[in-house]
Amino acid sequence: MIGTCGNEKDSDVVITVDLNVTGIEIVVESKLKKMFGKLMEKAVRDVLLEMNIKNAKVLVQDFGALDFVIRGRVRTAVRRAMNGGDK
């Protein structure tokens, strides 16, 4: 079960969530990873914890998104993955 959300545009992020794994793995791809990578990872972890998700691989492809955008995209991608499809 994989879900995605987001666009490859400035100030946005593409989130891909795969629930067919064991444990939590977060991969961040961003030009700003050195400065904000830990904060992006924390935003993803917070949403997974809030949604009680214990097994997920999350790919974050960042294009300059703010914290609230990342959180919203993760929530939507998780819901799409739980419903069994991409969109």
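Ile 2 stands opposite Asp 18, a residue of strand 2. That pairing belongs to a stretch where strand 1 and strand 2 (residues 13-18) run antiparallel over four bridges; two strands pair if DSSP finds at least two bridges between them. This is a predicted model, where local features need pLDDT of at least 70, side-chain atom pairs count only at pLDDT 80 or more, and totals for chains, interfaces and linings use all residues. Residues are numbered from 1 along each chain as its sequence is written, and side-chain values use heavy atoms, with hydrogens and water left out.

Strands (E, at least two residues) and helices (H or I, at least four) are DSSP runs, numbered from the N terminus.

Axes are lines fitted to C-alpha atoms, for helices over the stretch in contact, and angles run from 0 to 180 degrees between N-to-C directions.

How do the helices meet? The axes of helix 1 (residues 33-50) and helix 2 (residues 67-82) come within 9 Å and cross at roughly 40 degrees. That makes helix 1 oblique to helix 2 (under 35 degrees is roughly parallel, over 145 roughly antiparallel, 65 to 115 roughly perpendicular, the rest oblique). The contact (heavy atoms within 4.5 Å) includes Met 40 and Val 44 of helix 1 and Ile 70 and Val 74 of helix 2. By class, it has eight nonpolar, no polar and five charged residues.

Lys 42 is in helix 1. Lys 42 counts as partly exposed at 46% relative accessibility (buried is under 20%, exposed over 50%, partly exposed in between, with a 1.4 Å probe and protein chains only).

Finally, a look at the loops. Most residues other than glycine have a negative phi.

| Residue | Phi | Loop |
|---|---|---|
| Ser 11 | about 65 degrees | between strand 1 and strand 2 |
| Asn 52 | about 60 degrees | between helix 1 and strand 4 |

Asn 52 is also exposed, with a relative accessible area of 55%.

Technical notes. Nonpolar A, V, L, I, M, F, W, Y, C, P; charged D, E, K, R; others polar.
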